[in-house]
Amino acid sequence: MPELAGLDEGTPLFVQVADRLAREIADGGLAEGERVPSTNELAAFYRINPATAAKGVNVLADDGLLEKRRGIGMFVATGARQRLLARRRAEFTQRYVDPLLSEAARLGIDTDELFTLIKEAGHEREGASL
Amino acid sequence: MTPAISCAGLTRRYRDHTALDDINVAISGGTITGLLGRNGAGKTTLLRIMAGQEFPTAGSVRVLGAPPAENEAVLRRLVFVREDQAYPDLKVGQALRAASWFYPNWDRALASALLDDFGLRAHKAVKKLSRGQRSALGITIGLAARAEVTLFDEPYAGLDAVARQVFYDRLLADFAEFPRTVLLSTHLIDEAAAMFEGVIVLDRGRVVLDAAADDLRGAATRVSGPCLAVEALAAGRPVWERRRLGSQASIVMVGPLSADDREQARSSGLDLTPLSLQQIVVQASTGVLAPADEASSETERTSA
């Protein structure tokens with residue numbers, strides 16, 4: 001689906017729109033108190049049905065991450081970034097550590113060896129950024 | 001809310017075949033719906049009946065609350081753009097002017113913007129247009145009419161990918177500003193899928209799928225990996241397709257996956273790929289789509 005501005009076709013589009021906005025808020029691209037793009041702007045950007053875009057925005061609004069100001073639009077709620085970061089931290093194990101451990105087990109890499117690999121990779125990164 | 005278009009028991013028979021067989025659908029106002037299916041599935045016949053250009057053999061159709069055939073009050077609020085639409089011997093500008101007299105919500109500015117987008121010139125004779133340019137003219141009329149019910153039947157014969165993107169972008173933008181009921185039949189599902197709020201899939205004259213587009217995305221998953229692990233995950237669930245190569249298997253499993261399913265898949269080294277809307281429509285229109293409780297018959301189609 002090349003025309004979808006990066007969305008994929010296997011997940012409900014409103015979920016992806018909500019995820020994109022949440023990521024932008026968590027990464028600071030959309031600051032607290034800032035206006036989020038309107039439904040029609042999102043629809044035009046992602047080339048999706050406006051109703052789908054609205055559904056995505058509403059996911060975050062129902063969650064209290066966005067707040068509606070009547071007649072003006074949706075704005076990032078106070079505390080939204082912290083909440084999203086806390087959630088991502090909570091998901092870190094499930095999303096990254098568990099798969100890492102599964103693959104390591106399949107390859108016969110034990111925990112000590114894994115620690116060493118992670119440390120080495122960490123050092124390389126720090127070295128590269130110096 | 002009363003649907004903008006509804007069909008009840010709609011059937012259309014020709015001498016030797018049944019084009020539409022007991023169609024029951026209700027399309028809500030203010031939505032864009034995709035009408036999908038293979039050639040000969042009945043899409044054009046259904047749209048023609050909705051546009052009042054053909055009569056059903058049995059059953060009924062209501063558009064904006066009334067039967068559309070020979071009903072000018074409805075027809076002025078409805079635009080139907082056909083594949084390879086024929087036009088009388090006119091210039092492009094005259095064709096647009098004629099349309100502007102007929103459709104009460106006609107938007108001249110939008111019509112001329114679309115002419116520019118498509119590179120159509122008003123003084124050119126319609127019969128000298130290429131196939132793609134004729135399609136562009138049809139699309140221009142279909143959008144500029146701003147009709148409450150807008151029916152597009154494969155409207156882009158001969159249009160290249162760039163021009164089709166112009167159509168999609170213009171449709172979405174104008175729809176956002178002036179919501180209306182749009183029904184679009186197309187083969188280019190991948191391209192158009194993101195515009196649809198609902199999809200209706202016809203196969204051999206029957207509705208085989210009628211659902212919200214976003215409910216279908218991720219509603220089925222391809223599971224591949226070691227045969228035993230694949231079968232363990234799929235045990236007791238509806239499966240659309242089974243393929244095997246040596247110790248590897250690949251199946252399409254229907255239904256949402258739980259976090260436990262994903263964990264099980266990961267720990268046993270299975271790959272999970274959600275099916276796209278296009279892939280689901282293909283499944284639906286090749287007749288493999290079975291309700292969950294009929295899934296047990298699926299194993300019979302298993303090919304080793």
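1. The lining of the largest pocket is made up of 16 nonpolar, three polar and 14 charged residues, where Asp, Glu, Lys and Arg count as charged, Ala, Val, Leu, Ile, Met, Phe, Trp, Tyr, Cys and Pro as nonpolar, and the others, Gly among them, as polar. This is a predicted model, in which local features need pLDDT of at least 70 and side-chain atom pairs count only at pLDDT 80 or more, while totals for chains, interfaces and linings use all residues. Residues are numbered from 1 along each chain as its sequence is written, chains are lettered from A in the order in which they are written, and side-chain values use heavy atoms, without hydrogens and water.

2. The volume of the largest pocket is about 1100 Å³, and of its 33 lining residues A:Asp19, A:Arg23, A:Arg88, A:Glu91 and A:Arg95 lie nearest its centre. A pocket here is an open set of points on a 1 Å grid over the protein atoms alone, where a 1.4 Å probe fits, with protein on both sides within 12 Å along at least five of seven lines, and lining residues have an atom within 4 Å of a point; the volume is the space filled by probe spheres set on the points, which are joined across faces, edges and corners.

3. The second largest pocket holds about 400 Å³ of space, and among the 20 residues that line this second pocket, B:Phe80, B:Gln85, B:Tyr87, B:Tyr103 and B:Ile141 are the closest to its centre. By class, its lining has 16 nonpolar, three polar and one charged residues.

4. B:Ser285 is buried, with a relative accessible area of 6%, buried meaning under 20% with a 1.4 Å probe and protein chains only. Leaving aside neighbours within four places in sequence, B:Ser285 is in contact (heavy atoms within 4.5 Å) with B:Arg38, B:Val201, B:Leu202 and B:Asp203.

Key. Buried < 20%, exposed > 50% of the residue type's maximum accessible area, 1.4 Å probe, protein only.
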